[in-house]
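These are my notebook entries on a structure that is new to me. I record in turn what I looked up.

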Amino acid sequence: MNGLDDLSRRDFLKLSAAGAGMASMGAILAACSNEAGQGTTTLNALFMQQAAYSNTDVQGMVDAFQKANPKIAVKPTFVAYESLHDKIVTAAPAGTYDVVLIDVIWPPEFATKNEIIDVTDKFPSNWTSEIFPGALQTAQYQDKFYGVPWILDTKYFFYNKDILKAAGVKSAPKTWDDVFAAAKQIKSKHIIQYPLIWSWAQAEAVICDYAQLLGAYGGQFLDSSGKPAFNTGGGLTALEIMKRSIDDGTTNPASAESLETDVVKIVSQGQAAMALNWTFMFSLANDPSQSQVAGNVVVAHTPSGPSGAAPGCNGSMALSIGSGSQHKDEAWKFIEFITSQDIQDQYAKLSLPIWKSSYDEPEVVNTLPEVVAVAKTQLNDMILRPQVPSYNEASAALQLEIQSALTGSKSPKQALDAAADAWGGLLQA
Amino acid sequence: MPGAAGTALLLLIPSLIVVFGIVVYPLGRTLYTSFFDVNSPFPGHYPFLGLGNYRRTFTNPAFWAAIRRTAYFTMVSTWFELLLGILLALLLNARFHGRGILRAIVILPWALPTIVNGLMWRWIFNPEYGALNALLTQLHVISNYRSWLGSPFLALNMVIVADVWKTTPLAAFLLLAGLQTIPRELHEAARVDGAGAVRGFFRVTLPLLVPSILIILVVRTIEAFKVFDIIYIMTRGGPANGTQSIAYYAYIQAFSNQLFGYGSALAYVIALFILGFALIYMRLLRTEFAY
């Protein structure tokens, strides 16, 4: 006789222990899948933990929603902005997320690949007049809505008024010429070593800073026929200026490895005098528990170029429904709730509402009076990055070439020509 | 007997499912995908390209640039790990007080997850508040804080430093095991013949360590060629693609650009490169060593 009869008592015990272990694992898995209990729907929502609303804010909104809708449970997941796009793509076939946060540059890609759904039918028509146009663009592609705007943001200009004063800069910089002149003055008086810090890491962040300079100098990403045009005129000037400020030592060389959160830290340590950044920097850099220069960081309209143009890079984000979601109606309900004016007004501290009328609400104005004053004009003056399906690849090509120029391996003209070549191929495809 | 065979089969089924499910099927599926222009993660009908994705790979300068960077990373990190590993192994093999504690401490970097290691070094290299800048300025080696991950070639070398720090203990322990198998009589005989410490090392120790060294070379070149996670954490391939390894390049193409067909072809090309290494090394390992 062979087989099981030969098993010793000890082996048998071991096997049964293993079996019991597997059975209990099964039980745990089963418990997980219906943990929410009977009649409840669980929504999985994907957010980012960077800029705009903090994780605590999002959790607060989720709690408020669950209180109002006891039958729907929401499980938020937070990832870094840099991982958000790839996470949405890889989770799409499995339908993991019912609600996903998307950036202004992704609707063409996600819409053409059916990764998010068209919600034009659900989108109330009065919203199109009540929401800032810049925010609406975030969720729009070819006249259809693929989500609801949630974060309305652009890069503002921040400066440390103490450092400017110490350097003898009389009035706050209004133009880019003022900014670089002030930077030189600060440097020559040895107040700080590098007056300017930027988010020029090889990431989308560098494109936002570049877009803002390109807009100020009258450049455009694509010409009227849809061909790349950033390698001439204002687009070229923008990169030449960026390179020059690295060469003359006014820009911190660490910019080439910094993201927006690094900019907040460096400004908060008093090691930079001026920077571009999203709304969230104002509260963080002026928070005494996190910043050594709290109270000194002033927010202003982004500096203008020679023609007076001063658009902010449109960095709005929207909430969309994943195409694989099994609970699209509940997902819409959740999106409707957390994008509502009520909720947005309550959490205005790190991210301003998408609703025009909020900017006159005392609740919002009193939270961030300085930012709201600037936002009122800046939010109507924004520059959009090109809305093309292959944006991610195009942006990566431009990031690479901008960095090639910044690190000196190519001239700005050579770099932008190479990027324009790459875009030519991508936009046709 | 059929009972026994049946039981054997029954017991093998779980591992067969695992092997086919997570090794063979994905391999086949990736190969299949690499022949099509798959541009979304969803199943569906995509245009057949034949070897188009492979042609695109080999004619793409970005691919070759990534291969060159990866080759540099692989060679430099492996050699440093080997060199430092030998020195460390010799130290750990010597008799001194607290050797046990030192052996335990030395293994720590290897025990650290790569993600944690990458984060730690990113903080050490941070241009504004990193420990490296503080150390070097306080020792007056450099006068100003500088950016370590801000220029392409320097950043690649700094990532190598992080990788060497993490992986040297592995090399050291494999070599230490090798050292311990060398009979003491050989050292004694060498000493009797008038060989000093240096000569003894090069004539006795090193030749006998060759099998261990080869194993490290095999394991580390193959591992280093696939490097992904430490780069994802430390630099995300930047600046100016200076640290973009071939595996990171394949990831970007597949998941960020949603070119799953091209990404699959790249994955196969990487696998072919590694297969090439493996064949060469297996040849080397099979050769008998005459002492």
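Conventions. I note that this is a predicted model, in which local features need pLDDT of at least 70 and side-chain atom pairs count only at pLDDT 80 or more, while totals for chains, interfaces and linings use all residues. Residues are numbered from 1 along each chain as its sequence is written, chains are lettered from A and ligands numbered from 1 in the order in which they are written, and side-chain values use heavy atoms, with hydrogens and water left out.

Entry 1, chain A as a whole. I took helices (H or I, at least four residues) and strands (E, at least two) as DSSP runs, numbered from the N terminus. Chain A has 18 helices and twelve strands. Along the principal axes, its C-alpha atoms fill a box of roughly 95 × 55 × 50 Å. I call a residue buried under 20% relative accessible area, exposed over 50% and partly exposed in between (1.4 Å probe, protein chains only). By that rule, 56% of the 429 residues of chain A are buried. A contact means heavy atoms within 4.5 Å. Among contacts in chain A between residues at least 6 apart in sequence, 73% join residues at least 24 apart.

Entry 2, the five-stranded sheet. I counted two strands as paired if DSSP finds at least two bridges between them. In which order do the five strands of the open sheet in chain A stand? I read 2-1-3-11-6, with mixed pairing. Strand 2 (72-79) and strand 6 of chain A are the edge strands, each pairing on one side only. From one strand to the next, the twist averages 30°. For angles, axes are lines fitted to C-alpha atoms, for helices over the stretch in contact, and values run from 0 to 180 degrees between N-to-C directions. Helix 2 of chain A packs on this sheet and touches strand 1, strand 2 and strand 6 of chain A, its direction making about 170° with that of strand 2.

Why is strand 11 (residues 317-321) of chain A described as largely enclosed? Five of its five residues are buried, so the rest of the structure largely encloses it. Met317(A), Leu319(A) and Ile321(A) point one way from the strand, and Ala318(A) and Ser320(A) the other way. Strand 11 pairs antiparallel with strand 3 (residues 99-103) of chain A over five bridges; there I found Val99(A) partnered with Ile321(A) and Asp103(A) opposite Met317(A). Strand 11 also pairs antiparallel with strand 6 of chain A, over three bridges, and Pro149(A) stands opposite Ala318(A).

Four bridges join strand 7 (residues 156-160) to strand 8 of chain A, and Phe157(A) has Leu276(A) as its bridge partner.

Thr279(A) lies in the loop between strand 8 and helix 12 (280-285) of chain A. Is Thr279(A) buried or exposed? Its relative accessible area is 2%, so it counts as buried. Leaving out residues up to four places away in sequence, its contacts include Asp153(A), Tyr156(A) and Val371(A).

Entry 6, aromatic rings. I paired rings of Phe, Tyr and Trp (its six-membered ring) if their centres lie within 6.5 Å, with planes under 30 degrees apart stacked, over 60 edge-to-face and the rest tilted. Over all chains there are 41 such pairs. Tyr53(A) and Trp150(A) form a tilted one, 4.6 Å centre to centre with 40° between the planes. The two residues are 97 residues apart, and both are buried.
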